[in-house]
Amino acid sequence: MTPYRTADIAPVSATRSLALLVILFALVVADTAAQDKRGTQAGPPEGAGVLPIREHYQDLKPHSGAALPAWLTEQEESRWEMPAKNYASTRYSTLDQINTETVKNLRLAWSFSTGQTNGHEAAPVVVDGIMYVITPYPNIVYALDLAKGGALKWKYNPLPQAAAQGVACCDVVNRGLVYADGKILFNTLDTHAVALDAETGRELWKTKLGDINLGETITMAPLVVKDKMLVGNSGGEMGVRGWLKAVDINSGKVAWTAYSTGPDKEVLIGPNFKPFYAKDQGADLGASSWPPDMWRIGGGAVWGWISYDPDLNLIYYGTGNPGPWNPDQRPGDNKWTLTIFARNPDNGQAAWAYQIEAHDLYDYDGVNELILLDLPVNGQMRKTLIRPERNGHIYVMDRATGEVLSAETYTHVNVTQGIDLQTGEPRKVAEKKTGFGKAVYNICPAAPGAKDWQPSAYSAQTGLLYIPHNNLCMDMRGVEANYIAGTPFVGAEVKMHPGPGGHRGEFSAWDPVTAKKLWSIKELFPVWSGTVATAGDVVFYGTMDRWFRAVHARTGEILWQFQVGSGIIGQPVTYLGPDGKQYVAILAGVGGWSGAIVPGELDARDGTAALGFVNAMKDLPKHTNKGGALYVFALP
């Protein structure tokens with residue numbers, strides 16, 4: 001259930017919202033006319049909603065030089081075994097049957113209703129002619145036979161505890177499952193890790209990892225490295241202590257646990273720990289940078305994405321926001337929340353850590369995807385990880401050392417004046433500091449950040465990153481938060497609203513070498529779906545007002561689109577079917593934090609509902625309804 005909050009910081013935002021809606025309407029009308037004049041073929045049918053607004057930046061030629069890591073072997077395109085496609089998290093396919101010329105002929109091949117009405121954020125997985133799909137709570141897994149048009153092969157219901165729904169912060173979502181060694185591995189909302197026989201659906205083992213009575217849930221997709229399934233907890237708004245666990249995929253036993261906060265021995269920081277920046281060096285910072293014992297309920301949940309470099313034998317992941325949101329209740333740097341960790345997957349020992357921002361003020365979870373590429377930097381190829389961060393900066397880091405090589409902004413930001421590469425710290429804007437009883441207006445980005453969990457993709461064909469993201473700001477006031485295990489521990493009243501321009505989302509192409517945006521499509525709502533890039537120079541993503549779109553990877557032209565039954569917040573995949581044809585699949589089903597107003601049937605008059613997101617999404621129910629379904633597309 002999504003916690004409700006009541007607040008009284010509305011007068012300014014109400015006036016502003018009306019003004020922004022007027023501006024948005026004017027922009028939409030102007031852009032519609034402009035597209036008509038250009039004879040653009042793309043765009044929703046008349047009366048279907050608001051047209052996207054395209055905007056080009058710089059020139060259209062990417063200044064590449066980026067390369068996939070040498071260890072990233074060529075993959076069989078009939079398989080999509082994990083949501084990110086591969087350990088480098090590129091979400092890139094070499095398939096090109098569906099390309100800029102043929103995509104206009106794309107047709108619905110088959111569909112499948114999940115029977116669930118909460119937000120569907122997962123990616124389908126495809127192995128050996130079978131597609132595996134997981135739903136939000138109650139986390140039912142379906143195996144669908146691709147040779148038989150998606151016929152049901154088997155179904156598994158883990159029967160999670162219903163009470164888990166009451167401690168899930170932001171809808172009861174699940175971000176996907178993985179295939180490894182003949183097994184389907186996934187997590188349930190009530191904190192169980194589960195392994196199934198991929199052929200039969202038989203349960204092989206089921207291990208409880210957390211405690212919903214402490215506010216812990218699990219919503220992330222696991223990653224399997226060697227013989228270990230890596231899983232983290234959710235609950236940063238419930239006063240949990242974040243952790244990442246490694247579970248043996250053969251026995252279900254926990255091999256190691258690395259906490260995000262606390263003394264070094266529990267964070268798995270040992271003699272080989274070598275952070276790049278001085279601010280991250282010292283003993284037991286995970287405890288000493290907090291008021292006494294607050295690290296025990298300080299957040300740092302691990303609910304996002306993990307990448308892996310087999311050459312360096314390091315996994316990379318981020319930790320979530322500190323709790324509570326009210327920063328005055330937790331003086332100090334609050335390590336290791338909002339931090340990127342590099343760890344040895346064999347024993348969990350940390351190699352380096354980089355706290356993106358000390359003493360977070362705005363709920364900027366640091367759990368976004370980490371794309372592993374090799375980039376030329378000052379004439380030298382560097383092993384990098386790239387992270388479009390919530391704070392509006394795209395970090396390019398040396399993945400061997402944790403050094404920040406660049407951190408340019410990719411959206412409107414007014415809470416920092418850039419990142420100091422010498423210290424690794426953001427230059428914070430003092431007047432945007434929040435605290436007890438202090439109302440601060442127009443904080444950009446808002447709490448979901450410039451980009452939340454929705455993963456980007458990288459095309460080896462264009463050398464560009466494709467980033468689904470938000471354009472949201474917020475008003476915020478700190479209040480007292482009292483800790484009661486398993487209940488909301490937030491301490492802030494929030495109301496979000498559209499950012500500059502009045503639109504709430506964008507889909508952008510970014511050159512990671514020159515650190516510049518090449519083109520952008522402005523969307524009415526946050527682009528809360530994932531994306532996939534292909535060698536056909538086509539990139540796919542979904543919108544919350546029910547459009548599944550294919551765009552030209554080099555120009556941003558919308559080449560094709562299909563209106564599905566519910567808003568899209570899932571992750572598209574593409575694969576070679578048993579008949580030798582390329583398919584594209586996506587789960588629709590609006591919800592998640594951004595779309596909670598629809599499946600939760602929240603009162604639009606309470607702008608603080610869903611931790612303030614409802615204020616920015618009051619009109620979403622006019623554009624979509626709830627209901628999950630899988631859509632699979634192919635050429636005739």
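Trainee: How many residues stand between E31 and E32 in the hairpin that they form?

Mentor: Begin with the terms: strands (E, at least two residues) and helices (H or I, at least four) are DSSP runs, numbered from the N terminus, and two strands pair if DSSP finds at least two bridges between them. In this hairpin, four residues lie between E31 and E32, and Ala515 in the turn has a positive phi of about 60°. Strand E32 covers residues 516-523, and its antiparallel pairing with E31 runs over seven bridges, while Trp519 in E32 is the bridge partner of Ala509.

Trainee: What should I keep in mind about the origin of the model and its numbering?

Mentor: This is a predicted model, in which local features need pLDDT of at least 70 and side-chain atom pairs count only at pLDDT 80 or more, whereas totals for chains, interfaces and linings use all residues. Residues are numbered from 1 along each chain as its sequence is written, and side-chain values use heavy atoms, with hydrogens and water left out.

Trainee: Which strand pairs with E31 over six bridges?

Mentor: That is strand E28 (residues 464-470), which pairs with E31 in the antiparallel sense. If you look for a pair of residues facing each other there, His469 is opposite Glu506 in E31.

Trainee: How many residues of strand E31 are buried?

Mentor: A residue is called buried under 20% relative accessible area, exposed over 50%, and partly exposed in between, with a 1.4 Å probe and protein chains only. In strand E31 (residues 505-511), seven of the seven residues are buried, so the strand is largely enclosed by the rest of the structure. Both faces are covered, with Gly505, Phe507, Ala509 and Asp511 buried on one side and Glu506, Ser508 and Trp510 buried on the other.

Trainee: What is the order of the strands in the open sheet of E4, E5, E6 and E7?

Mentor: An order lists the strands as they stand side by side, and here it is E4-E5-E6-E7, with antiparallel pairing. Strand E4 (125-127) and strand E7 (151-156) are at the edges and have a single partner strand each, so one side of each is left without a neighbour in the sheet. Angles between strands are taken between N-to-C directions of axes, which are lines fitted to C-alpha atoms, and run from 0 to 180 degrees; in this sheet, neighbouring strands are turned against each other by 25° on average, direction ignored. Five bridges join E7 to strand E6 (residues 141-145) in the antiparallel sense, and Leu144 stands opposite Leu152 in E7.

Trainee: How many disulfides does a search of the whole structure find?

Mentor: A disulfide is a pair of cysteine sulfur atoms within 2.5 Å, and the search finds two. One joins Cys169 and Cys170, with sulfur atoms 2.0 Å apart, and both of these cysteines are buried. Another joins Cys444 to Cys473, with an S to S distance of 2.1 Å. The torsion about the S-S bond of Cys444 and Cys473 is about 110°, so this disulfide is right-handed. Cys444 lies in the loop between strand E26 (439-443) and strand E27 (457-459), and Cys473 in strand E29 (residues 472-478), so the pair ties together parts 29 residues apart in sequence. Cys444 and Cys473 are both buried as well.

Trainee: Where is the place of Asp333, and which residues does Asp333 touch?

Mentor: Asp333 is in the loop between strand E17 (314-318) and strand E18 (339-343), and its relative accessible area of 34% makes it partly exposed. Contact means heavy atoms within 4.5 Å; not counting residues up to four places away in sequence, Asp333 touches Ser289, Gln355, Ala358 and His359.

Trainee: How many helices and strands does the protein have?

Mentor: The protein has three helices and 39 strands, and buried residues make up 68% of its 636 residues. Among contacts between residues at least 6 apart in sequence, 64% join residues at least 24 apart.
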